[in-house]
Amino acid sequence: MRYLINNLDLVGELFLEHLQLTLIVLFFALIIGVPLGVALARLKWLQGPVMGVLGIIYTIPSLSFFVLLIPIFGLGTTPAIVALTAYAQLLLVRNWLVGLTSINPAVLEAARGMGMSGWQRFWQVEFPLALPMLLVGVRLVVLSSIGIGTIAAFINAGGLGVLLFEGVITANYNKIFSGALAVTVLSLTANYGIRTFEQRAERAIHGAQVNH
Amino acid sequence: MTYASSKTKESRVTQSGEILFEDVSKTFESEEVPAVDSVSLQVAAGDLVVFLGPSGSGKTTLMKMVNRLYEPTSGKIWIGNEDIQSLPINDLRRQIGYVIQQVGLFPHMTVKKNISVVPRLLDWEKDQIQSRVNMLLDLTGLPETYLERYPNQLSGGEQQRVGLARALAADPDILLMDEPFAALDAINRERLQKELLRLHCKLDKTILFVTHDVEEALLLADKIAVLRDGKLIQYDTPIDLVTKPKNSFIEELVGTNNILRRLSLVSINSVIKAQERGSSEEITDIQISDAAPTISPDEDLRTALSLLLSSGSDYLRVEESSGTELGLISMEDLKEMLSSNQLIEKKKCDEISD
């Protein structure tokens, strides 16, 4: 505990670094994953192969994935972001796809029959109805990125993993404890925050009164 | 009552409720047999036409080609003077009401939002949408307190009422209904069938109604198109279908030999008229007893028969609701009507009172 109090500046800085890394990963994951999920929902024959590839990527051990990317992207945050974004795709796309494909077909048929264009159907019907599952994906991506992100410190990506690695090397248990505590706080907060959004989106589509 | 402003009427891509199917066929990609096979059919504006047939007969496919959820493999469909293939697809759909069996209300939208989907797509003014929604709630018999409710807070029957209101929202000339009441319990189904008849008489819409339920078809239709294996077998009024079936398939389907069904299609009124045409002396021969039960001329002969049997009386007195006596009806009359070919179908709209 003493280490944490004495080095609050450092821990805080690493905490923000870690958060930043996670948000950047989430950003890229969404930019790639959301359109990918929509494409898979439309083109069913693509689902098998694409989900297969994403599944294989997900099984690559994180440390070796990071190291594999060093020749291409060098050391630092870039290979970490690339690897974490790649992992994120499975979690994000799988849930988003479930959200999109589990919409009652009658609802979509009604939307089509009433003369909504493709965009209107997406924004007014599909997106809000699949949003809770997208948020489940977002939560998993954030949590896994926070977790796996600690390992990224090994390739100089910074973040709270720095405390863990340095603590292990110098046998400084206080340092390890501080790092672990900070990661836990970050994870629990993120989990709780996103869960709140999830529940709100869930209520909205199940038609209970939503508090605005 | 006006249902929409003239402004919105003018911007429409079609101006008519008349539908013409011209040698329409549809073969789905994965199948060899056509789902719809060279169907030609004319639907007069304002008619309620039922597509009747067993499952796989192509009735739903035929209907879905009108709002182009399916495109015909060959043949043309006209609405008024417009070949629907030449019209912008979403403009066409926005002015054809669409009601489906599973209702398909948007679960994340309130009743009000659901009903106003098409008006909002058409950029109606806020005030105009509000008054339209209120009018439709009233028309479909839903209380105003439902406006802010969500679909899952409503019963099945109420949901389908909202579905109907939603389909009528932009005041379409044509309404497509795909087995809209099939999922409802018997009581709600009957209630909504009656409401639909009332609405049809009041609103003057062309309605295409798909069902596999013969009773429903006979009750609702101005004309029935019977389909089997994608082919149009017979297109006739309910009474002609029952009395002049083209083949044994129709005979079996509509129950030509079912006496009760035949009786249910004929109104008391037509018996009275037939009596007037014939000799009227008979009536004076009968001893009139005040004890004889009375029946409204708008009722059908099935009701008359059951009243004759249950009361044990030899005849019924036909009386309008105002009290004017129109004549008498006896078991003999019923027998005669069944054997004669001059059956006059009950006028559906006459029995509708507001």
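1. Helices here are DSSP runs of H or I with at least four residues, strands are E runs of at least two, and both are numbered from the N terminus. On that basis chain A reads α-α-α-α-α-α-α-α-α along the sequence. The count is 9 helices and 0 strands. The model is a predicted one.

2. Overall extent of chain A. Along the principal axes, the C-alpha atoms of chain A fill a box of roughly 65 × 45 × 20 Å.

3. H2 against H3 in chain A. Helix H2 spans residues 8-42 of chain A. Helix H3 covers residues 44-59, and the axes of H2(A) and H3(A) come within 6 Å, crossing at roughly 135°. Angles over 145 degrees would count as roughly antiparallel, and 65 to 115 as roughly perpendicular. H2(A) is therefore oblique to H3(A). On the H2(A) side the contact uses Leu36(A), Leu40(A), Ala41(A) and Arg42(A). They meet Lys44(A), Leu46(A), Gln47(A), Val50(A), Met51(A) and Leu54(A) of H3(A). By class, this contact has 7 nonpolar, 1 polar and 2 charged residues.

4. H2 against H8 in chain A. Helix H8 runs over residues 161-169 of chain A, and its axis lies 9 Å from that of H2(A). The packing angle is about 125°. H2(A) and H8(A) are therefore oblique to each other as well. H2(A) contributes Leu10(A), Val11(A), Leu14(A) and His18(A), while H8(A) contributes Gly161(A), Val162(A) and Leu163(A). The contact of H2(A) with H8(A) divides into 5 nonpolar and 2 polar residues, with no charged ones.

5. Size of the A/B interface. How many residues of each chain take part? On chain A, 22 residues are in contact with 25 residues of chain B. The area buried between the two chains is about 2,000 Å². Carbon and sulfur atoms give 57% of that area.

6. Lys64(B) pairs with Glu109(A), and the closest N and O atoms are 3.2 Å apart.

7. Which helices each supply at least two residues to the side that touches chain B? They are H6 (105-113), H7 (118-149) and H9 (173-206) of chain A. H6(A) gives the most, with 7 residues. The residues on this side of chain A divide into 12 nonpolar, 8 polar and 2 charged.

8. Salt bridges elsewhere. Side chains of opposite charge can pair when their charged atoms come close. Over all chains, the whole structure has 16 salt bridges. One within chain B joins Lys205(B) to Asp171(B), with the closest N and O atoms 2.5 Å apart. Lys205(B) sits in the loop between helix H8 (186-203) and strand E8 (206-211) of chain B. Asp171(B) sits in the loop between helix H7 (156-168) and strand E7 (174-178) of chain B. The pair therefore ties together parts that are 34 residues apart in sequence.

Methods: Residues are numbered from 1 along each chain as its sequence is written. Chains are lettered from A and ligands numbered from 1 in the order in which they are written. This is a predicted model: local features need pLDDT of at least 70, side-chain atom pairs count only at pLDDT 80 or more; totals for chains, interfaces and linings use all residues. Side-chain values use heavy atoms; hydrogens and water are left out. Contact means heavy atoms within 4.5 Å. Buried area is the accessible area (1.4 Å probe) that two parts lose on being put together, summed over both. A salt bridge is a side-chain nitrogen of Lys or Arg within 4 Å of a carboxyl oxygen of Asp or Glu. Ala, Val, Leu, Ile, Met, Phe, Trp, Tyr, Cys and Pro count as nonpolar, Asp, Glu, Lys and Arg as charged, and the others, Gly among them, as polar. Axes are lines fitted to C-alpha atoms, for helices over the stretch in contact, and angles run from 0 to 180 degrees between N-to-C directions. Angles under 35 degrees count as roughly parallel, over 145 as roughly antiparallel, 65 to 115 as roughly perpendicular and the rest as oblique.
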